[in-house]
Amino acid sequence: MPAVTAPAHQKGDCFVDFEEKVFEDVKAEPGQKALVKFHTVAFEGSIGFVNLLQATRLQRKGFETSILLYGPGVTLGLQRGFPRLGDESFPGHQNYANQIAKFIEEGGKVYACRFALQALYGHGEPSLLPGIRPISPLDVLDIVLIHQRDNAFILDTWTL
């Protein structure tokens, strides 16, 4: 059996060149928009949180950015906590709430489908995080069409 002679990795070691950026740092041109659509369940994978970070990054690059929570995506916008709302019962429990709050503070808009909220997940508008705008299920398609008409960048998050 071969012997391992390489020293053990140490805290602070790097395995990749994290400073090299291959592509230009694209910034929005005046009036450019972006829409990030979420059709994913909170806490069922990393895609919901990763794309909240992407939405924040788009906002910081100058895009007028909106988030659409529909279907299971509305679960990202629900108030949660234990034993009380807002309490973090495990590390990362409030990641969605904190990132959505930061996104809204920085000028982003967040919309949540009322149909998914009530009919699918049994919640009402008071269950939403502050700053999230509930919308009619008829608006779900229209917000996409409006962004498409405006040549916006659209990022889909579609996983179950």
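Helices and strands here are DSSP runs, numbered from the N terminus. The model on screen is predicted, and the stops below follow the chain from one end towards the other.

**Stop 1: the segment before β1.** Select Phe15, Val16 and Phe18. These residues make up a nonpolar patch on the surface, and together they expose about 410 Å² of accessible area. Keep Val16 selected: it belongs to the segment that precedes β1 (33-39). Val16 has 62% relative accessibility and exposed means over 50%, so Val16 is classed as exposed.

**Stop 2: the loop between β1 and α1.** Move to Phe43, which sits in the loop connecting β1 with α1 (47-60). Check its backbone: phi is near 70°, a positive value in a residue that is not glycine. Is Phe43 buried, partly exposed or exposed? Its relative accessibility is 37%, so Phe43 counts as partly exposed.

**Stop 3: the loop between β2 and α2.** Select Phe82 and Pro83 and display the peptide bond that joins them. That bond is cis, with omega at about 10°. Pro83 is located in the loop between β2 (64-69) and α2 (95-105).

**Stop 4: the loop between α4 and β5.** Go on to Asn151, found in the loop that runs between α4 (137-149) and β5 (153-158). Asn151 counts as exposed because its relative accessibility is 69%.

Terms used
Residues are numbered from 1 along each chain as its sequence is written. This is a predicted model: local features need pLDDT of at least 70, side-chain atom pairs count only at pLDDT 80 or more; totals for chains, interfaces and linings use all residues. Side-chain values use heavy atoms; hydrogens and water are left out. Patches are made of residues with over 30% relative accessible area and no salt bridge: like charges are joined within 9 Å, nonpolar side chains (Val, Leu, Ile, Met, Phe, Trp, Tyr) within 5 Å. Accessible areas come from the Shrake-Rupley method with a 1.4 Å probe; for residues, only the protein chains shown count as cover. A salt bridge is a side-chain nitrogen of Lys or Arg within 4 Å of a carboxyl oxygen of Asp or Glu. Helices (H or I, at least four residues) and strands (E, at least two) are DSSP runs, numbered from the N terminus. Buried means under 20% relative accessible area, exposed over 50%, partly exposed in between (1.4 Å probe, protein chains only).
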